[in-house]
Amino acid sequence: MSLTNCRFYEEKYPDVDSLVMVNVRQVAEMGAYVKLLEYDNIDGMILLSELSRRRIRSIQKLIRVGRNEVVVVLRVDKEKGYIDLSKRRVSPEDVLKCEDRYNKAKMVHSIMRHVAEKTSTPMEDLYKSIGWPLDKKYGSSLDAFRISISNKSVWDEVEFANNVIKEELISYIGKRLTPQPTKVRADIEVTCFGYEGIDAVKNALRQAEARNTEDTQVKVKLVSPPLYVLTSQTLDKTIGITVLEEAIQEVTKAITAAGGTCSVKMAPKAVTENDDAELQALMDKRERENQEVSGDEDESEDDGIVAVDE
């Protein structure tokens, strides 16, 4: 039994009419020879007549060596090992469905391979005791892995050969699948030239943090008046963007009521470490240009709302 080679699923062969992901290995006059990626690279063939619904003028334009393709199974001869496949009978919806399933199974396969190598356990043994039983219960063992990060009871019904396998699997799942927070940022300019302009700006920026909860925190940084940066850390980018959009609305409402303005210089978006580095460089530059702290900045630091974070 191979240590690191194994099919993704319990069945050794795909069922007729099922969708499978294949890799094209050779293109010939009769069709294309492929490997079924989810079934330990067993051979299959897409007949010429099953490549396209249209008249075939150039087979090379329809299918290329090295590419992955979603195909549907037409016939399976388990004794002779023949698997006939069709590309022309696959709809765009089928492609999306198959790609989603394949990507999930591929991630599981990667995790299983790691555990197999670290514990010197054949992958098929790991699939038999862990992967395939979880597939049956959860639809996908990847979903079970993700649930297990916060709910350890997932492992109660799994029969591990030994604790070394269990500990390595749980540890690696934590490293690979634990959601990482996304940083969302927006840049705004807030101005008010009225008699109490400074206090009006401070009050408006307070509104950005007024709805903070344990799960959604908005922070305000001063770059250099009138430019401020709003940031939020979140596991869901969409939620983070919505939170900042609502915060900007609150700031705009408050500053407008005081006779000032709020303009969005950069709409809320997920940012990278490079974006943060560019922001820090800009802040450093502005700080050098303004060695003497302005009155607005001084009062903001005392208030603790619009000061630059340490």
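The buried residues of helix α6 in this predicted model are G197, A200, V201, K202, A204, L205 and A208. Buried stands for under 20% relative accessible area, exposed for over 50% and partly exposed for values in between, with a 1.4 Å probe and protein chains only. Helices (H or I, at least four residues) and strands (E, at least two) are DSSP runs, numbered from the N terminus. Helix α6 covers residues 197-209. The expected span of a helix is 1.5 Å times one less than its number of residues. The 13 residues of α6 should therefore span 18 Å, and the end C-alpha atoms are 19 Å apart, in agreement.

Residues are numbered from 1 along each chain as its sequence is written. As the model is a prediction, local features need pLDDT of at least 70, side-chain atom pairs count only at pLDDT 80 or more, and totals for chains, interfaces and linings use all residues; side-chain values use heavy atoms, without hydrogens and water.

An open sheet is formed by 4 strands in the order β7-β8-β6-β9, with antiparallel pairing. Strands pair if DSSP finds at least two bridges between them. β7 (218-224) and β9 (261-270) are the edge strands; each has a single partner, so one side of each lacks a neighbour in the sheet. From one strand to the next, the twist averages 20°. β6 (residues 182-191) and β9 pair through 7 bridges. E189 has S263 in β9 as its bridge partner.

Two helices lie across the sheet strands. Helix α7 (residues 237-257) lies across β6, β7, β8 and β9, at about 15° to β6. Axes are lines fitted to C-alpha atoms, for helices over the stretch in contact; angles run from 0 to 180 degrees between N-to-C directions. Contact means heavy atoms within 4.5 Å.

Elsewhere, the axes of α2 (residues 92-119) and α4 (residues 141-148) come within 8 Å and cross at roughly 65°. K104, M107, V108, I111 and M112 of α2 meet S141, L142, D143 and F145 of α4.

Aromatic rings of Phe, Tyr and Trp (its six-membered ring) pair if their centres lie within 6.5 Å; planes under 30 degrees apart are stacked, over 60 edge-to-face, the rest tilted. The count is 6 aromatic pairs. F8 and Y9 have ring centres 6.1 Å apart and planes at 80°, so this pair is edge-to-face. F8 is buried at 6% relative accessibility, and Y9 is buried at 13%. W155 and F160 form a tilted pair, with centres 5.8 Å apart and planes at 55°. Both are buried. Ring pairs also link F8, Y9, Y39 and Y102 into a cluster.
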